[in-house]
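Subject: Structure for you to look at

Hello,

Here is the structure I said I would pass on.

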Amino acid sequence: MSDAPMIQVEELSKTFGDGFKALVDVDLTIQRGEIFALLGPNGAGKTTLISVICGLVNASRGRVLVDGHDIVRDYRAARSLIGLVPQELTNEAFTTVWDTVSFSRGLFGQPKDPAHIEKVLRSLTLWDKRNSRLLELSGGMKRRVLIAKALSHEPQVLFLDEPTAGVDVELRREMWEVVRGLRDQGVTIILTTHYIEEAEEMADRIGVIRRGEIVLVENTHKLMRKLGSKELTLHLQEPL
Ligand code: ADP
């Protein structure tokens, strides 16, 4: 295993075509094995930052290294280490759970490995549902299928974009358990959220992003001791 940090972001900026600065000089290092929560109000730049780190959107300046591999210059090697869990399933309603997850592995050019797919489905308690079509699944199961897809090619770091946006409290707690379980299996986790309690409950460290700038990064316990939920809430209010 290499000594490089799992993710290293250096002086990253993103200006969109209309001149809007979505990311401004972001520096961030994520260590192997941690759960890192990126907390910020809507429009702060969370999804843009994840998209640039994962190589889906090009940066205007700066660079991203994934286990030492540059996401632009060494895209295949870097991307193969990353699993990305989007917010919603796309139109795969009639496909079975098994086919959805094994097809996803194929997209990464990995040889078929039914034993790995079985392991992923079992770890997400989806094994009994492997022959179900996605449209037959509950909301919680659909979210677990998204995670299973992202784990199909055996990534080392998993990005979850607002994993519990719009779900009820019970399902939110279920997702937290799933994510903790993955970390215990050795996967590094980076999640975005605008729920303070989610960041507090899950993360080893919290980074707060506002208007494209990381305004603080701190160990979760230290941050809660220093600021408390109330003051942190102020950071999450939408900028005027
Ligand atoms: P968050 O995930 O924190 O809600 P986003 O990263 O989605 O924030 O968006 C950050 C800002 O960048 C928003 O103001 C959004 O309108 C803007 N933005 C996102 N994508 C584009 C784009 N393709 N062109 C122009 N502006 C964009």
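Glu34 counts as buried, because its relative accessibility is 8% and the cut-off for buried is under 20%. Please keep in mind that this is a predicted model. Glu34 sits in the loop that joins β2 (21–30) to β3 (35–39). A polar atom of the Glu34 side chain is 2.9 Å from the backbone nitrogen of Gln31.

Two residues have backbone angles to check. Most residues other than glycine have a negative phi. Asp25, which is not a glycine, has a positive phi of about 50°. Asp25 belongs to strand β2 and, with a relative accessible area of 44%, is partly exposed. Arg211 is not a glycine either, and its phi is positive at about 45°. Arg211 is in the loop between β9 (205–210) and β10 (213–219). With 52% relative accessibility, Arg211 counts as exposed, since the cut-off for exposed is over 50%.

Next, the ligand. Which residues surround it? They are Phe16, Asp18, Phe20, Ala22, Pro41, Asn42, Gly43, Ala44, Gly45, Lys46, Thr47 and Thr48. Helix α1 (residues 46–53) supplies the largest share of this shell, three residues. By type, the shell holds five nonpolar, five polar and two charged residues.

- Thr48: a polar side-chain atom is 2.6 Å from an oxygen atom of the ligand.
- Gly45: a backbone N or O atom is 3.0 Å from an oxygen atom of the ligand.
- Ala44: a backbone N or O atom is 3.1 Å from an oxygen atom of the ligand.

On its own the ligand has 570 Å² of accessible area, and the protein covers 61% of that.

The last item is the second largest pocket, which holds about 220 Å³ of space. Its lining is made up of His116, Lys119, Val120, Ser123, Leu151, Glu154, Pro155, Leu182, Gln185, Gly186 and Val187. Which helix gives the most to this lining? Helix α4 (residues 114–123) does, with four residues. The lining divides into five nonpolar, four polar and two charged residues.

In going through the model, you could start with Glu34 and its contact to the backbone nitrogen of Gln31, and then turn to the positive phi of Asp25 and of Arg211.

Regards

Methods: Residues numbered from 1 in each chain as written. Predicted model: local features only at pLDDT ≥ 70, side-chain atom pairs only at ≥ 80, totals over all residues. Heavy atoms only, no water. 1 Å grid on protein atoms, 1.4 Å probe; cavity = no way out; pocket = protein on both sides within 12 Å on 5 of 7 lines; lining within 4 Å. Points joined across faces, edges and corners; volume = space filled by probe spheres on them. Helix = DSSP H or I, 4+ residues; strand = E, 2+ residues; numbered from the N terminus. Nonpolar A, V, L, I, M, F, W, Y, C, P; charged D, E, K, R; others polar. Near = heavy atom within 4 Å. Polar contact = N/O pair within 3.5 Å; in protein donor to acceptor, adjacent residues only side chain to side chain. Areas by Shrake-Rupley, 256 points an atom, 1.4 Å probe, with all protein chains shown as cover. Buried < 20%, exposed > 50% of the residue type's maximum accessible area, 1.4 Å probe, protein only.
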